[in-house]
Amino acid sequence: MKIYHLAKENSILSQFLSEIRNVTVQNDSMRFRRNIERIGEILGYELSKKLSFETQEIQTPLAKKIVNKTTNEIVLCSILRAGIPLHNGLLNYFDNAENAFISAYRHHPNNDEKSEIKVEYFASPSIEGKTVLLIDPMIASGSSLVAVYQAIKKFGTPKEIKIVAVLGAEEGIKHISSYFPENTELWIADIDEKLNEKGYIVPGLGDAGDLAFGTKI
């Protein structure tokens with residue numbers, strides 16, 4: 001799996017990352033969602049450089065012009081609910097993309113720390129032969145992404161998968177790399193060192209879904 005770690009180079013991305021991590025800023029849920037969206041726009045722009053393009057002739061008001069346009073059939077597939085702001089950022093740039101949504105969450109059957117990943121909902125166009133951008137803002141253990149991949153495989157074989165994330169732990173990234181096809185790309189804003197005993201990324205930012213949309217029961 002090819003990894004593109006954007007925070008390795010200084011850019012305005014660093015400002016947005018600092019704000020979503022900072023407890024004095026992240027309590028503003030509207031700003032948190034907008035920063036995640038802006039990070040999605042940056043990730044989308046950068047990964048667009050690796051898409052396929054062809055030349056096309058268009059007509060301006062004054063003359064004909066040869067331009068380059070992407071040929072990829074793109075499906076944006078977000079893991080609910082935390083993936084929505086990141087999805088919106090990518091959709092701002094890939095406005096002709098098709099859209100898919102899938103649920104994946106930690107289920108605690110015994111009301112203790114032991115959990116399993118449940119996938120219960122998937123709404124999608126055909127993904128056969130298409131470029132799937134699999135959107136998950138936080139890659140902690142990586143179990144959710146693996147479960148989602150196993151679920152979507154039943155609906156076709158994409159041409160390629162590009163995982164798009166805001167933060168990930170080294171452990172989780174290593175885990176998913178052994179399950180996804182070799183030509184999979186990971187486009188991620190930043191990578192943190194470890195998980196804590198509860199499976200949260202450290203230093204991380206907390207629960208992205210709760211920060212974006214409020215706590216859940």
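Mentor: Let us begin with handedness: a crossing is left-handed if the near helix is turned anticlockwise from the far one by less than a right angle, and right-handed if clockwise. Please keep in mind that this is a predicted model. Here, the crossing of α3 and α4 is right-handed.

Trainee: At what angle do helix α3 and helix α4 pack, and how far apart are their axes?

Mentor: Helix α3, residues 29–48, packs against helix α4, residues 84–93, at an angle of about 45°, and their axes are 7 Å apart. Because angles under 35 degrees count as roughly parallel and those from 65 to 115 as roughly perpendicular, α3 is described as oblique to α4.

Trainee: Which residues in α3 and α4 meet?

Mentor: From α3 they include Arg33, Ile36, Glu37 and Ile39, and from α4 they include Pro85, Leu86, Asn88 and Tyr93. Sorted by class, the contact of α3 with α4 has eight nonpolar, five polar and three charged residues.

Trainee: And how should I read a pocket?

Mentor: Rolling a probe the size of a water molecule over the atoms shows where empty space is left. In this model the second largest pocket holds about 330 Å³ of space. Its lining has 15 residues, and Thr70, Asn72, Ile74, Phe94 and Asn96 lie nearest the centre of that pocket; by class, the lining divides into six nonpolar, four polar and five charged residues.

Terms used: Residues are numbered from 1 along each chain as its sequence is written. This is a predicted model: local features need pLDDT of at least 70, side-chain atom pairs count only at pLDDT 80 or more; totals for chains, interfaces and linings use all residues. Side-chain values use heavy atoms; hydrogens and water are left out. Axes are lines fitted to C-alpha atoms, for helices over the stretch in contact, and angles run from 0 to 180 degrees between N-to-C directions. Helices (H or I, at least four residues) and strands (E, at least two) are DSSP runs, numbered from the N terminus. Angles under 35 degrees count as roughly parallel, over 145 as roughly antiparallel, 65 to 115 as roughly perpendicular and the rest as oblique. Contact means heavy atoms within 4.5 Å. Ala, Val, Leu, Ile, Met, Phe, Trp, Tyr, Cys and Pro count as nonpolar, Asp, Glu, Lys and Arg as charged, and the others, Gly among them, as polar. On a 1 Å grid over the protein atoms alone, a cavity is a set of points where a 1.4 Å probe fits but cannot get out, and a pocket is an open set with protein on both sides within 12 Å along at least five of seven lines; lining residues have an atom within 4 Å of a point. Grid points are joined across faces, edges and corners, and a volume is the space filled by probe spheres set on the points.
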